[in-house]
Structures are given as structure tokens and as C-alpha cells.
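Please walk me through this model, with attention to its sheet and its aromatic side chains.

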Amino acid sequence: MDPEASLGSLSHVPGTERPVPEAEPGLVQRWRSGGGELVELLSQVRERSGSIAAFRLGPAPTVLVTDPQAVQHVLARHPERYVKRSHRARLLIGDGVLAATGAAWKRQRRLLQSQFTGTGMRRYERRIAEAARTTAGRWGGYARTGQTLDVGREMRRFALDAIWRSLTGHPLDDGTERELAAVAAVAAALPTLPADVTDAQDAVAADLARIDAVARHAIEAARGGAVGPDGPGLLHVLIDAANERPEYTDRLIRDELVTLLVAGHETTATTLTWLYLLLGQYPGAREQALAAGDEGSAQRRQAIQALVHETLRLYPSAWILPRHATEDDTLAGYTVEAGTDILICPYLTHRDPELWPDPEHFDPGRFIAPDGRPAHPGAYFPFGIGPRACLGLQFALRESTVLLEHLLPVHTLAFSSTPTKAAYGITVRPDGPTPAALEPPRT
């Protein structure tokens, strides 16, 4: 790359006749007209123009970044130069920590940070384990009756139970589960909603009202002193904060509650669904994980975590991370001008054959062998990296591992049909139902 190459201007490289790598206009137009997914466009941009490439999606120049060092530069080393302007889920999560920016984000992040590390996480381990045991018991019933299950729905039910217990101290009841199905409905609808904010809100008004009603009831119950069998939860932390911090209005508490519901169950449920679909294609991976050690051993846990990490490599929780350059900067030898939009794409970085040999192959051993994965932190970042990395990383990994420790030794699945493609919204999810029957274990 030429040291003076200008990505932001999308013009020729100063002092040379070589144009900056740029997507052909027809390619972008085909995507805009509904001819393909954004990820397909970005894949072609990267294939044709490299790991740092410029193109236009709108009036502002856009730069696709998949190079690990450039990823770390943008997300971890200079987050003040590359900011998050808004979140595509703001309609759903409001001013929650995922969408917040500036000083408000720092305050909200600081309050929640301690809840998802160290001692804070230990408070929720028993609740996660109870949700996993509940799911295991339900699957035992399916095995006895021969009932078909939908894996995606089962994983959403487990993950929602785990986060609801952690938020409120109460196990998830059937009524709350039915109402909170609206969360997944709005999340799935976001990519197709009208651009106009009012029209978008109108399109999902009924679902948003259901979500607001659940949140309002939970906040009122917690404020009234109601404590579940598992004791106070994260919601009580937010309510306590309101006693000292006037910015924690009922609306902000609602936004944080819904943010934690979305981040705490949608990503985990999607990852676990993909994992079971992958095990259907690679059944030997399950057998290898169980053979790694006895029940409860560190070796088996490491092997199960490797299944999760390899699934997250192929289907990262945060598949695309938009940023906006607030000032001129030099990125991997190119000058990025203020006003440029940046698209970081973990989905593409994780599938780069120069970083990950045979990248489309499901190989959990990459995360066990000492040299099985790239060492650079910008080569694997399913939850982001830097100060805006996902707060719930440890929570998500813990609940996934605990559930798999309960289910993998006892049950295998036979899918009667599987989705033929992925849907790219807040998460990368299977685009269709995942019906399956339980089989006798193969071990």
C-alpha cells in the first residue's frame, strides 16, 4: 500500500496513477436493489480490492476493514477517532449501553462492567446452571415421548431463562416468555423496517408495547421490594442506581433492561443453534469433545469451549461493527479523512484463508492446539475488541458451556430439515426453522 493513499476521498492515489481499491458502482447498485445481502457485497469488495477497501453506500465514503492490525487500530487503539454514532437496534433498545455514546456511555458502562466480571459473574453462575438444568429436564421429556423440537426456539428459551433469572431473580414463566417473543420479532424485523423513524415505530408498535409492558411490570415489582428465589438481580442494581443518579429514569432503566435482554439471549441462542447445526454436519466434533476428559474435568470443558469458539468464528455475535471517523487519520498507510464511514466485519476476517486455513471447515481444534489460531487479537473478535467490546462476553461463554455440559453427553439431534441460508440482522441467524428429533447418544 502506498503511504499516501487516500481512502476517504475515493480518488486516485496522490502522486500515482493507481486508483484506490473501490467497489464497482454496478455491484453496489445490485445490492441496493435487493439483489443480494450486504455481506455478499462486502465479500466481493474484499475479494476484488483487499482487506482495506473503499466504496460508496451513500453520500459519505465507506471503508471496509478486515485486516487484523487495522481492526485493532480502529477498535482498540484509537476508539476516540472512530466512534459509534448510533445503533441499528436503537428502535428496540433506546438509550441502553449498546446504543449510548460519549459521557453517557461511559457512565452506563462503568455501572454494568462489574456485574460481568469476577465476583459479579459468580453471582449469576447458579442461575445459569438452574436454567441449564431446566432445559436438560425438558429435553429428557422430549426423549421419552419422541416429541420433535425446534432447536432455535429451545436455545432462545434457555438463554432467555438464564438472563431473566439474572435480571430479576425469577425463573422464566410461560406468560413472560410469550410476551418477550416480541423482542426476537422486533430484532428480526429491523433490517426490513422503513427508513423513516416514525414509520418504523408504527410497523412494530404492537411488539414494542408488549416489551414495554413486561419491562414496566418487572421494574415496578423490583422497586416494590419483590425478590425472586435467586435473590436480587441486575435490575435491582439499575434501580439502586436511580436513587443516586438522576439520569437513571424509568425510561433509561427500561432501555438497559431491554438491552440486556437482547444482548443476553439473542446472541447466545443464535450461537448455540448454529453449533448444533454444525454438529449435525460434523458429528465427530461432539465425540472428540466428550472424549477429551471426564465429566466436570478441565479438559472436557476446554473442548466444549472450543466448540463454542469455532462456532463464533464462523458466525460471530457481532458480525459487522460500523464506526465513523471524527478526524483525519492514517490507517495501514492510507489517509482516512474525517467523515468517512468504517465497516469492521468480523465475519469476513474470521473467514480469511490467509489467517484461517480452510476457513469454511468447522474445526474446533483451532482453539485447542497451541498454534491453531492467529495470535493477533484483531484476527478473532466475535464480541468486538477494545473499550466497546461486548460486556456480556464471559456471561455468554459461561451459559453456552454450562448448557452443553448438560446436553452433549446425553442427547444427539437428527434434523428433519435445515435452513439453506443465513439472515444478517443484529446477529447472523439461520434463516428458517430448525426442527429435530433426539437420537440415542453415539458414545
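The paragraphs below take up the sheet, then the aromatic rings.

The model is predicted, so local features need pLDDT of at least 70 and side-chain atom pairs count only at pLDDT 80 or more, while totals for chains, interfaces and linings use all residues. Residues are numbered from 1 along each chain as its sequence is written, and side-chain values use heavy atoms, with hydrogens and water left out.

Helices (H or I, at least four residues) and strands (E, at least two) are DSSP runs, numbered from the N terminus. Two strands pair if DSSP finds at least two bridges between them. Five strands make up an open sheet of mixed pairing, in the order β2-β3-β9-β6-β4. At its edges are β2 (52–56) and β4 (82–83), each of which pairs on one side only. Strands of a sheet pair through backbone hydrogen bonds, either parallel or antiparallel. Between β3 (residues 61–65) and β9 (residues 341–344) the sense is parallel, over four bridges. In β9, D341 is the bridge partner of T62.

Helix α2 (residues 38–49) lies across β2, β3 and β9 and runs at about 125° to β2. Here axes are lines fitted to C-alpha atoms, for helices over the stretch in contact (heavy atoms within 4.5 Å). Angles run from 0 to 180 degrees between N-to-C directions.

The aromatic rings come next. Rings of Phe, Tyr and Trp (its six-membered ring) pair if their centres lie within 6.5 Å; planes under 30 degrees apart count as stacked, over 60 as edge-to-face and the rest as tilted. By this rule there are nine aromatic pairs. One of them is the tilted pair of W139 and Y276, at 5.9 Å centre to centre with 55° between the planes. W139 belongs to helix α6 (residues 118–145) and Y276 to helix α12 (residues 250–281), so the pair ties together parts that are 137 residues apart in sequence. Buried means under 20% relative accessible area, exposed over 50% and partly exposed in between (1.4 Å probe, protein chains only). W139 is buried at 0% relative accessibility, and Y276 is buried at 3%.

F367 and Y380 form another tilted pair, 4.9 Å centre to centre with 55° between the planes. F367 and Y380 each lie in the loop between α15 (346–349) and α16 (393–407), 13 residues apart. F367 counts as buried at 14% relative accessibility, as does Y380 at 9%.

W319, Y347 and Y424 form one aromatic cluster. Finally, R351 lies over the face of Y315, at 5.3 Å from the ring centre; a charge sits over a ring if NZ of Lys or CZ of Arg is within 6 Å of the ring centre and within 35 degrees of the ring normal.
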